[in-house]
Structure formats: C-alpha cells, structure tokens
Amino acid sequence: VGIVGGGFAGLGTAFQICQAAEEVHIYDPFPAGAAKASSAAGGLLHPFAPRGNFIWKGREGFQAATEVMDKLRNAQLFEEDDGFVRYGTQHPILRPLFAEDDNRSWLKTCKNYPKLAEELPRSEYMSAICMQEPHMSANNIVGCVALTESATVHSPRYLQSLWKYVQLHCSKAQWHTSLCSPDDIHEKMAQHDVVIIAGGYASTVFFPVEPKVKFVRGRNLHYRINQSHLEAVSSMKTVSPVLSGEYIVPRYEPLQEAADASFELIAGATHEHIAAPNKVSLLNSLVQPQDDIDVSIAAAKPLLEDRLVKLYPHLQETYQAYRVSSGIRLVTERTNLGRLPIVGKLSDRVWVLTGLGSRGLVYHALMAQYLTNAIINNDESLIPQPLQ
C-alpha cells in the first residue's frame, strides 16, 4: 500500500490498514509528526457543531478516535499524564458563549445530554483559565459550557505514535521524504497494489474532475509564559483548553528541562481563503512544500490577538508569543449534512481520503475505517454515500 500524505488522513488510514497489508509506504516531504496542517492543529477532539448540535457522525468519529488512542496507550506508545492526551472527564474543553442565542442553544444541549456537556458558572470559567481576579473582559461572557465528551491531543506526538504503531504491526513500513520531482510521484505510485491519496489540499491534483473545494490557510500563535510569571508554571497543568470560534489550548512538553519550555499555549486559528493553486504548484507541494505566507509574529498578531483576548483576558499580561505555525486545509462544499470529507475510489487501484478540513481529529479514524473496509473487500459501496 502506498499512501500519499502523512497527516491525520494518511496515518489514520495506515493505522487501520497496516495489519492487512504486507507493506505500507508513506510519501510525505515532512517526517512523521511534522505534516503541515495536521501538526499545526490545536488538537481539540469533540463531536459538537458551533451551536451545540452534533456534527454528522460526530459521536461515532469521537468513539473511533478514542479507540485508536486506547490502542496506542495499550501498546505503551504514550502515558496518561505526559501531556499526550487529556480527556474531557478531567480536563474538559470549555466553550465561553458571547451571544444569548448561542447560550440558549448550548443550555438545551446540556439538558438533553448531561453526560456530554454541562453548564459552567462564569466564575469557574475564570478559575479554569487561571484568572485569579475578575477582569472587565469577562463581562462579555453570557454563559459557558464544559464539554466532558472531549479530549485534547498533542497533535505532533499523536502523529508520531500512529507511525510507530504502523512500524510495530506491519512487516515493512517505510517513510519516503525524498521525492525528486512530480514525475517521481507517479513512478512511485505505479509500484504499489493499492494507492491511497491522503495528501490534504494537494490531493485534488489526482482527481479526474476538479472537486468543489476551498483552500483555507490557518495560522496559530504559540505563547510561553512571561519570565515574571514563571513561578506559576506548575499551576498551569490545571489550565483548561478553550474553544469559541478561535481556540487556546495548553500544550505540555514533559521532556523539556527548562520550566519555561515545558508549557505553551497554542492559539488560533486564522481562516484565510486563498486562491486554488494550479496543478504544477500542487504537485510541487508534494515534493518540496513552499508557502509565501509571512510567518512572523508581527504579521499574525493583528489577525488573531484581539479575538484571543476575549477568551483569555489575561493573555497579553501573562504570556508572550514566540513563534507562528501554519497549514493549508482543504475545505469541502457545505451540504445539508454539513461539510463532509471526501472518501472513495478514483480508479481501479487508487482510493482517496481527504477534505477533513478543521475536523481532522474527529473524522480521521472513522473515515479510515470506512476506507480500509472498502479496500479490503474491494467494494466502494461500503463507504457511506454522502462521502463519495
């Protein structure tokens, strides 16, 4: 099996198919854990849409993803308290609400699904983000919900663990970063019995008919705690992730020796629509990715920080931005079921899984299950029709 792309879609599929395949080959110009859009993801896993209803197959996707994480843990590829994954039962994602309509909608969700989401007093929200004193910005919050059916995942380390699992369970697993040219891609693909296109936004170059999709760039700001607040690092382990349009997610690096390097906030993301790249640019992106984006902090701050301060009123006082990460997502057209991934068969031995958009974590494992089942049985009808 040859898989183009080493992000959530590609490695999620490799995880599912590795025990049925003699060989798994990943083609990605970045090493495991460094795929642009997936590694830049905030890592928030939950089944909800912005107004509190469930996204299509959201609960099934959440269950499939957590089952993968359980398998990784059982394989001793991560430990519970090392910052890899934090489950919502202990560290729920918090959703502050700034509009009365949204608040009413979410309160209805809390009433109908009390084990999945619960109302949180504003004072508890302030405490959960380590706000010790009231702040005027908090007056804009009309309500808050804690998502207990959720998890926060360290995206780069999760991707690395998926690849380690594939290596443990497949007789031959190889990662190829040294594609020389666009022609080299097609030559490599010809060597495999099954080819899976899971290269994110670059996947569209392989479609016989150009799909109706959009290309959206997301930039994140990464913050470290100010030197004057270093004594508070130990208490930051209790900081909760926050999501309300933008997100602010605590991330831990337990192997770092320096206290100020062990904790960061990843905050984002911008939603920048970009022109569709031409076919040559898409092919080249699989060989040597280039992006003309300005990744300076000075360029990213005006796009994000005013909205981030609404979520974390003390952000500018306590934290300092030190770097920017970015990635380009492939976003599908909205349907009556919402924005759905693209999963299906392109030709006799070429399959596709792409278009996860901003829902890579909640969809990758379930979509990979659908795709793997269809490939093993050579039956595209096993993939739900809305995805094809």
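**Exercise 1. Accessibility around one loop**

Solution: 
1. The classes are buried (under 20% relative accessible area), exposed (over 50%) and partly exposed in between, for a 1.4 Å probe and protein chains only.
2. Proline 114 belongs to the loop between helix 4 (100-112) and strand 6 (117-119). Helices (H or I, at least four residues) and strands (E, at least two) are DSSP runs, numbered from the N terminus.
3. The C-alpha atoms of proline 114 and leucine 147 are 9.8 Å apart, with 33 residues separating the two along the chain.

A note on the basis of these values: the model is predicted, local features need pLDDT of at least 70, side-chain atom pairs count only at pLDDT 80 or more, and totals for chains, interfaces and linings use all residues. Residues are numbered from 1 along each chain as its sequence is written, and side-chain values use heavy atoms, with hydrogens and water left out.

**Exercise 2. Aromatic pairs**

Task: How many aromatic pairs are there, and what is the geometry of the pair of phenylalanine 8 and tyrosine 158?

Solution: 
1. Rings of Phe, Tyr and Trp (its six-membered ring) pair if their centres lie within 6.5 Å; planes under 30 degrees apart are stacked, over 60 edge-to-face, and the rest tilted.
2. This rule gives 8 aromatic pairs.
3. One of them joins phenylalanine 8 and tyrosine 158, with 6.4 Å between centres and 45° between planes, a tilted arrangement.
4. Phenylalanine 8 is in helix 1 (residues 8-17) and tyrosine 158 in helix 6, so this pair ties together parts that are 150 residues apart in sequence.
5. Phenylalanine 8 counts as buried at 4% relative accessibility, and tyrosine 158 is buried at 0%.
6. The pair of phenylalanine 54 and tyrosine 113 is edge-to-face, at 4.9 Å centre to centre and 80° between the planes.
7. This pair links distant parts of the chain: phenylalanine 54 is in the loop between strand 3 and helix 3 (58-74), tyrosine 113 in the loop between helix 4 and strand 6, 59 residues apart.
8. Ring pairs also join Phe48, Phe54, Trp106 and Tyr113 into a cluster.

**Exercise 3. The span of helix 6**

Task: What span should helix 6 have at 1.5 Å a residue, and how far apart are its end C-alpha atoms?

Solution: 
1. The expected span is 1.5 Å times one less than the number of residues in the helix.
2. For the 15 residues of helix 6 (residues 155-169) this gives 21 Å, and the end C-alpha atoms are 21 Å apart, which agrees.
3. The buried residues of helix 6 include Tyr158, Leu159, Leu162, Trp163 and Val166.

**Exercise 4. Strand 7 and its partners**

Task: Which residues point each way from strand 7, and how many bridges join strand 7 to strand 5 and to strand 6?

Solution: 
1. In strand 7 (residues 143-147), 5 of 5 residues are buried.
2. Gly143, Val145 and Leu147 point one way, Cys144 and Ala146 the other way.
3. Two strands pair if DSSP finds at least two bridges between them.
4. Strand 5 (residues 93-97) runs antiparallel to strand 7 with 5 bridges, and arginine 95 stands opposite valine 145.
5. Strand 6 is antiparallel to strand 7 as well, through 3 bridges; glutamate 118 has alanine 146 as bridge partner.
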